[in-house]
Amino acid sequence: MSGRIEELRDFGTASTAEFRDALVTWIDGHRVELEPPYRDHGSTEQLLSHQRQVQRLLFDQGWMRWGWPTQVGGFGGTPLLRAVLGEELTGRGLVHSAAYSMTEVLGPAVIEYADASLAAEVVPPLLQGEETWCQGFSEPEAGSDLGSLLTTAVRDGDEWVLQGQKLWTSWAHHASRCVVLARSEGPGTGSRGISAFFVDVDSPGVSVRPLDTMAGVDEFCETFFDQVRVPGDRLLGAQGRGWQVAQHILACERGPIFWQRASWLLHHLGEIADIADASDVAAQRLIGLAFAEVSALRARSQATQRQVAAGDLRAADSSIDKILIAAADQAVFDAARHVLPGVIELEDSPLADRYRKEWAYSRAATIYGGTSEIQRDIVASRLLNLPQVP
Ligand SMILES: Cc1cc2nc3c(=O)[nH]c(=O)nc-3n(C[C@H](O)[C@H](O)[C@H](O)COP(=O)(O)OP(=O)(O)OC[C@H]3O[C@@H](n4cnc5c(N)ncnc54)[C@H](O)[C@@H]3O)c2cc1C
């Protein structure tokens with residue numbers, strides 16, 4: 001255990017306001033340990049390394065354990081406590097919002113669908129920041145049409161043998177585990193023929209090739225599975241029911257994590273508002289519009305957090321959050337680009353590096369987790385029951 005263990009308070013029955021008050025006091029007293037050691041955007045390695053240290057400290061001091069089930073090393077309590085923790089950290093720029101795509105997206109699915117003993121073994125290291133996980137869904141020929149994926153899983157005794165390729169796997173080159181979707185029920189079985197597996201990335205036959213994003217960040221990878229043997233107890237959910245696991249993960253990826261991202265956006269918008277010239281009417285207008293977009297997202301996201309807390313997160317509903325984040329993210333960094341003319345494009349300062357990479361990443365907000373076009377289709381068909389265009 002790193003760091004001195006301070007007296008842990010019991011927030012099991014506390015209100016979120018009490019939790020927040022105590023947390024903010026604690027954060028104020030630990031700013032030095034929580035601040036990122038870099039002033040620019042940071043490389044993937046730096047971001048993950050800082051995230052690991054912060055999570056370890058938060059876990060040791062109890063903050064990271066509230067809102068998680070006791071069976072996986074948590075202290076229990078409402079998941080809203082997790083949302084408060086993420087909001088207070090990202091809102092101060094202490095932790096990058098990207099970190100939540102592991103704990104808040106893959107963590108809940110493993111708790112829900114893995115054998116209880118496997119979840120009890122692997123979730124605590126994730127919460128403690130000891131492990132990085134990744135999500136192996138997309139393939140070269142299967143992105144929006146995920147149900148057509150080609151990676152295969154063939155049963156061989158007590159094991160499964162995986163063969164195929166994944167694409168855009170974020171952080172696979174730093175990850176020790178990967179949630180992989182593979183076709184277990186034979187060709188042409190669509191979304192009903194898929195199983196989900198929890199795969200150790202150091203298994204023989206797994207190879208990972210990093211790809212640079214246009215932001216210049218080595219975030220994602222091509223991930224290859226060549227006759228990879230996966231133990232039978234690493235199946236998540238039932239055989240052939242991987243689509244259910246995928247929907248659970250996509251619901252988390254398209255909704256709940258944008259609560260933290262909204263705080264991250266407000267942190268940047270505040271910075272931009274401080275830099276902007278008060279007499280620059282166009283800048284003030286862009287900042288105001290971006291604030292309105294983030295506020296709409298936050299209002300929506302609050303309801304989503306309540307769905308999570310009630311154990312009632314609905315996959316189609318999350319598509320609304322996903323549409324809103326894309327608009328908010330791009331509005332904030334478009335405002336930044338206006339306020340920092342030429343800086344994002346030309347300068348080498350830490351500020352320029354940070355805003356250049358965030359601006360470029362905001363362009364991907366209409367793509368990652370499912371494109372905006374697909375989300376609008378889901379809203380139209382599953383929430384509004386609009387007729388399908390033939
Ligand atoms: C930053 C980033 C991180 C990512 N991380 C991961 C990860 O960790 N793991 C993972 O598995 N994947 C990841 N992805 C991949 C992501 O999920 C896919 O890019 C996304 O689902 C879209 O798939 P695609 O790229 O194959 O685009 P395509 O499906 O080829 O779509 C191309 C274009 O066609 C449009 N289109 C396609 N089908 C339709 C339709 N039926 N109706 C209307 N328009 C349509 C799309 O909206 C899009 O504009 C990541 C992507 C990004 C950008």
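This is a predicted model: local features need pLDDT of at least 70, side-chain atom pairs count only at pLDDT 80 or more; totals for chains, interfaces and linings use all residues.
**Domain interface, ligand surroundings and salt bridges**

The protein chain is divided into domain 1 (16–132), domain 2 (134–242) and domain 3 (243–383).

The C-alpha centres of domain 1 and domain 2 lie 25 Å apart, and the two domains meet through 18 residues of domain 1 that are in contact with 18 residues of domain 2. Between domain 1 and domain 2 an area of about 1500 Å² is buried, and 65% of this area comes from carbon and sulfur atoms. On the side of domain 1, the residues that lose the most area to domain 2 are Thr44, Leu106 and Thr132, which together make up 34% of what that side buries.

Polar interactions were also examined across this interface. Four residue pairs in polar contact, with both residues at pLDDT 80 or more, are found between domain 1 and domain 2, and the salt-bridge rule finds one salt bridge across the interface. Arg177 forms a salt bridge with Glu131, with the closest N and O atoms 3.0 Å apart. The side of domain 1 that touches domain 2 draws at least two residues from each of helix H3 (44–60), helix H5 (100–103), helix H6 (106–113) and helix H7 (116–127). By class, this side of domain 1 comprises 10 nonpolar, four polar and four charged residues.

The ligand is surrounded by 19 residues, of which Ser138, Ser144, Trp168, Thr371 and Glu373 are the closest.

Side chains of opposite charge can pair when their charged atoms come close. By the rule applied here, the count comes to 24 salt bridges. One further pair is formed by Glu87 and Arg298, the closest N and O atoms of this salt bridge being 3.5 Å apart. This pair links distant parts of the chain, since Glu87 lies in helix H4 (residues 80–90) and Arg298 in helix H10 (residues 281–309), 211 residues apart.

Technical notes:
Residues are numbered from 1 along each chain as its sequence is written. Side-chain values use heavy atoms; hydrogens and water are left out. Domain bounds come from an automatic or database domain assignment. Contact means heavy atoms within 4.5 Å. Buried area is the accessible area (1.4 Å probe) that two parts lose on being put together, summed over both. A salt bridge is a side-chain nitrogen of Lys or Arg within 4 Å of a carboxyl oxygen of Asp or Glu. A polar contact is a pair of N or O atoms within 3.5 Å; within protein, one must be able to donate a hydrogen and the other to accept it, and residues adjacent in sequence count only if both atoms are side-chain atoms. Helices (H or I, at least four residues) and strands (E, at least two) are DSSP runs, numbered from the N terminus. Ala, Val, Leu, Ile, Met, Phe, Trp, Tyr, Cys and Pro count as nonpolar, Asp, Glu, Lys and Arg as charged, and the others, Gly among them, as polar. A residue is near a molecule or strand if one of its heavy atoms lies within 4 Å of it.
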